[in-house]
Structure formats: C-alpha cells, structure tokens
Amino acid sequence: MKFNKICVLGLGYIGLPTASTFAAYGLQVVGVDINRQVIRTLQNGGLHLYEPGLRTVVEAALKSGNLTVAPQPEPAEAFIIAVPTPFRHDQTGEYQGLPYKKADMKAVTAAAEAIVPHLQKGNLVVLESTSPPRTTIDLVAPILEKSGLKTGQDFYLCYSPERVLPGQILRELIENARVVGGITPESAQAGRDLYATFVKGEIHLTDATTAEMVKLMENTTRDINIAIANEFARLADRFGTNIWEAIRLANLHPRIDILTPGPGVGGHCISVDPWFLVESAPELTPLIQTARRVNDSQPGFVVDLVQRALGTLEGKCIAALGLSYKPDVDDLRESPAVETARLLAAAGAQVHCYEPFKPEADLPGLTLTPDLPTALEGADALLLLVNHTQFRRLDPPGIRDLSGLKVIIDTVNGLPAGDWETAGFRIFRLGDNQE
Ligand code: SAJ
C-alpha cells in the first residue's frame, strides 16, 4: 500500500515524534490532539514536552508544511492512535483481598470514535497505545464498525506497539525492530507498508493480540527484574552489606544480568502496563502482582533510610534532588521520586525539591525550588532521588561551601562516596548498610 496522508491521534511523547518523523519522510501528516493548549503551543512554535532532538524535528516538519496540527481528525489513508492508557484513579479491582489497578481506556475509545466519521474503504487504522490483551479485537474494531464498514474486509486494522526508550525516542523509532499485528494478514501487510516509510529495523508481522502481548510481556519482564533488584537491596541492607558491589560481582556470571535498585519504578509504561495483564487474569498473575507491589513500596524503603540517616524526620529539612521518573528526562508521571518526597513531607520533614528538567512543575503538597542553591538553603541532608547527569557531577567541596549540611543520602548510587567522605560528608546509600 502507498500512503500520502495520515492522521496521528495523540501528540504526546509517542504521537508527536511519530507524526513528525512521518512528516520528515515526506508524508502529509495531520497531528490531532483534543487538548487545545497542545495545539496552540505547537502552532505558536512551542513544544509541550521535552525529548532530546524533538524540537528540531517538529520545527522542520511544521515548517515544511508536511505536518499540520488540529483538534479533530480528517479523512486520510491511515490513522494511528497514540493516546495515553493510564490506569483508573476512580476504581480498582480486588483479588484475594488485595487491590489491583485497572486500565483507563477512555482515550482509546474516544480516539476510535473520532475516526468513525472519516473512515473510508481501504483505510488502515493502527492502535499503538499499550492496551490490555484483545483491545484491538474487542474494543477498537466494534467502534470502527459503527462506520458501517467491516474490519479486515473494508478497512485494515493493526496493533503495533511503540517500544522506544524515552530519552532516545527519535533514534529508536527508526532503528528498533517493529512488531505489527494485523487483525488479518492483509492488515499486517498494510501496517508494514506504512511503517516501512521510516523504520530501518526489521518489521515483524503477527496477529493483533500477539502484538499486544509482546508489548505487555516486555515491560512486565523489566518490572519483575527491577523488583528482584530492589528486594536484593533490602536484603543487603538487612545483612549489613553493599548491594552495588554484590550486583557487580553477580553480573560477572555469563548468564546473570541483575538490574539496578532505586527508589522504585515510575513512568507511564513499566509501572502501569503489568497491571493490564493482572486485570485481564488476576488468578494467573501472582508473580506480576507481587513485583508491582515490591516496586510500588520502594519509596517507603527510602523513607526508612532517610529516617535512619537523620534520626528523625520531624522538623528536618531535606533537599530532594530529582523528581522525574528516571535520569535526564522531564517526565514526572508515576515518579517514585515524587512519591518519596510526598511521604517524607507527610512524615513531618520539610522537603525542598529541585527538578532541573521541570523546575516549575505544579505538584500539590510539594515545594519546588528554582535552582540548587535554593534547594540547599537550611537543608540538613541532600537526598539524591534521580541519577541526572548533572547531579553525578556535583562537586562535594562546592556543596560544602554552599550549605552547612553534612548528610548525603544516595538512592541511586550516583555519587562517588569516597569524594564526598573526603570532603567531610556522611554518605548513606540505598542497599549499603555498613554502619
Ligand atoms: N529502573 C530501575 N532500575 C533499572 C532500570 C529502570 O529502577 O535497572 C526504573 C527507572 O528509574 C524508571 C523505571 O524503572 O523509574 C522505568 O525505566 P526504564 O528506563 O526501564 O523504562 P521506560 O519506562 O523509560 O521505557 C520502557 C522501555 N521498555 C523496556 O525496556 C522493556 C521502552 O522500551 C518502552 O518503549 C517503554 O517502556 C514504553 O513506552 O512502554
């Protein structure tokens, strides 16, 4: 199939890079977002999110005229749905007395409904949003059929997960292998033709539900692997040893690759997606549920560490460095750093948060400071929550001159302990209890 004009629904971390990349490769792209502020920002030459390299690609795409943005879709040959699938905040499920989170499919439903009036014979629709198994068949296809057209006969329908790593989206979008799951083999082939516009990695064809499973299995596996690393850190702490050294040595084994412990798992993907499998079959997913709970409870473990370092939290002032869900990104969604700061504040500490990628974020209940010196003012301890490159380069004598604090708490093994100790600080590391 040959495509000249496509609509990309959802201009977030995935939709916007995808829309601009298609535009860069010569397609006419209408980028659609229901948030008028997003549309206005883009039309005025701004950008509502940060991703390395994205500004240049978006600017070029808009300037060339290949990318336009609009609040509603319009007739096109292909429609890509890249809207968020968070979990529901108003409702949880329960299995054996424990709560589990449920997917909020409102945005996917609304996007599919918005396509209906424009859907024509021979069109292709691709769902990219991470979704519970069978969403393409059971949710999206019936909505699209309200057009009077038959799925697989009159129009093609695919599920194709995005698997790009935030921070490297533009490169991975092009270079990664892509899985395209069709509701029919012809649908999968149409999907391949579309992504072949720019994908340099291999494009693997399968059915829609398998493609949904692939995505969920990838992120769930990573979640479970991080959970075991976090549990090992708790054990190292209990046994008075150093998890970072233990992991380094264990990873010398040719078949072992333990991931990195930290304050927990955040972001819009790994902390959310495993619940989609749990929701679909709670009785089959005890391991997945436990891993989620281990990672979600990791901020509490950090609070214990801070308490140990400071004696008490009541009345103590803590400079919390980093709020994003992982290093060198501005995304605060489901961030364990934010959760940790909130728990510390709830326990009576005064927390000065500093997030260099979003110094003015609006986080109810938290105090954000515009820069590092302000965060350090009056602080009893510096708490490193995110391993941002610029924090790793902090200069211990410089911090000593800026502030009277003596205690450093490092949850991500980002700071060279020796240098800080030489400069007169006491350093407490997550999973390293050698008192
Ligand atoms: N984390 C750890 N320890 C680790 C690795 C990560 O605590 O060893 C934490 C991070 O700090 C962060 C969270 O886990 O809070 C997730 O970070 P990540 O870098 O592992 O993953 P994401 O969420 O940025 O991107 C993932 C990727 N999935 C996999 O690697 C299997 C990416 O390829 C997906 O496209 C993306 O989810 C997505 O959109 O689903």
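Let me begin with Gly266: one of its backbone N or O atoms lies 2.9 Å from an oxygen atom of the ligand. That is a polar contact, meaning a pair of N or O atoms within 3.5 Å; within protein, one must be able to donate a hydrogen and the other to accept it, and residues adjacent in sequence count only if both atoms are side-chain atoms. Taken alone, the ligand exposes 770 Å², of which the protein buries 86%; these accessible areas come from the Shrake-Rupley method with a 1.4 Å probe, and for residues only the protein chains shown count as cover.

A word on the basis of these values. This is a predicted model, in which local features need pLDDT of at least 70 and side-chain atom pairs count only at pLDDT 80 or more, whereas totals for chains, interfaces and linings use all residues. Residues are numbered from 1 along each chain as its sequence is written, and side-chain values use heavy atoms, with hydrogens and water left out.

I turn now to the domains. An automatic or database domain assignment divides the protein chain into domain 1 (5-208) and domain 2 (298-429). Their centres, taken over C-alpha atoms, are 37 Å apart. How many residues meet across the two domains? In domain 1, 7 residues are in contact with 9 residues of domain 2, where contact means heavy atoms within 4.5 Å.
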